[in-house]
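Work through the exercises below with the sequence and the model side by side. Try each task before reading its solution.

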Amino acid sequence: MVVADEDPDRRGGHDREFYRDWERAAHSCVAELRAAYGHDPESPRIAEVVTELSAQSKEFANLWKTHEVKSKSQEGKHLKHLDVGDLRVKFAAFTVNGAPHQQLVVYQAEPASPTAAAFETLRTMATEPDPPRTPESAPGLAAENQ
C-alpha cells in the first residue's frame, strides 16, 4: 500500500518518487481500501490490515480517519520508473461478473507516446540479459546521483 511504510530503509525510499502525484495516490489507495471495507465490514483480514497500517504510518491513520470512500473507475496515473523515467498511464476498472466486489484493472499508455516507448524499453529489458546500469542508460538513476 502506498502509505504503508514510513521507513525509507524498508520500502526502498522510492514510493514518493515513483508516484509523481503522491498525495492523490495515497488518498485514492486508502479510499479504495475503505470501499472494500464497506463491502465486507466484518472481514478480519481488512481489520488486520487497517490496524497494522495505522500502527506503521501516521499518514495512513490520518487518511483512514477521513472516511473517504472511492472505487477505481477510469483515471490516469503519473509514475516515475527508475530505469525509464516518467510514465503516464490511463486505467479502467471493470467489474468481474460472478466475483462480487472484485475488479479487473487495465493500465495502458497512449499509442506512440513516450510512455509507450518506455514500456517497449522495459519489455526489451525484461527479455534481454541485464546490461550494467549507468546514469546515461537510466534516467531515474541519473537523477538519483545528482
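**Exercise 1.** Find the salt bridge between arginine 24 and glutamate 75, and state which elements the two residues belong to.

Solution. Step one: the side chains of arginine 24 and glutamate 75 meet in a salt bridge, with 3.4 Å from N to O. A salt bridge is a side-chain nitrogen of Lys or Arg within 4 Å of a carboxyl oxygen of Asp or Glu. Step two: arginine 24 is in helix α3 and glutamate 75 in strand β1, so the pair links distant parts of the chain, 51 residues apart. Helices (H or I, at least four residues) and strands (E, at least two) are DSSP runs, numbered from the N terminus. Step three: arginine 24 has a relative accessible area of 36%, and is therefore partly exposed. Buried means under 20% relative accessible area, exposed over 50%, and partly exposed in between (1.4 Å probe, protein chains only). Step four: Arg24 and Glu75 also belong to a network of salt bridges together with Lys70.

The model is predicted: local features need pLDDT of at least 70, side-chain atom pairs count only at pLDDT 80 or more, and totals for chains, interfaces and linings use all residues. Residues are numbered from 1 along each chain as its sequence is written, and side-chain values use heavy atoms, with hydrogens and water left out.

**Exercise 2.** How many salt bridges does the structure hold, and what does the one between arginine 16 and glutamate 59 tie together?

Solution. Step one: the structure holds six salt bridges. Step two: in the pair of arginine 16 and glutamate 59, the closest N and O atoms are 2.7 Å apart. Step three: arginine 16 lies in helix α2 (residues 15-18) and glutamate 59 in helix α5, so the bridge ties together parts 43 residues apart in sequence. Step four: arginine 16 is partly exposed at 40% relative accessible area, whereas glutamate 59 counts as buried at 19%.

**Exercise 3.** Where do glutamate 110 and lysine 90 lie?

Solution. Step one: their side chains meet in a salt bridge of 3.1 Å, N to O. Step two: glutamate 110 is in the loop between β3 and α6, and lysine 90 is in strand β2, so parts 20 residues apart in sequence are tied together. Step three: glutamate 110 has a relative accessible area of 42% and is partly exposed; lysine 90, with 48%, is partly exposed.

**Exercise 4.** Is histidine 67 buried or exposed, and is alanine 112 buried or exposed?

Solution. Step one: histidine 67 is found in the loop between α5 (58-65) and β1 (74-81). Histidine 67 has a positive phi of about 65° although it is not a glycine. With a relative accessible area of 52%, histidine 67 is exposed. Step two: alanine 112 is in the loop between β3 and α6 (114-127). Alanine 112 is not a glycine, yet has a positive phi of about 60°. At 85% relative accessibility, alanine 112 counts as exposed.

**Exercise 5.** Describe the order of helices and strands, and give the share of buried residues.

Solution. Step one: the protein chain has seven helices and three strands. Step two: along the sequence they follow the pattern α-α-α-α-α-β-β-β-α-α. Step three: 30% of the 146 residues count as buried.
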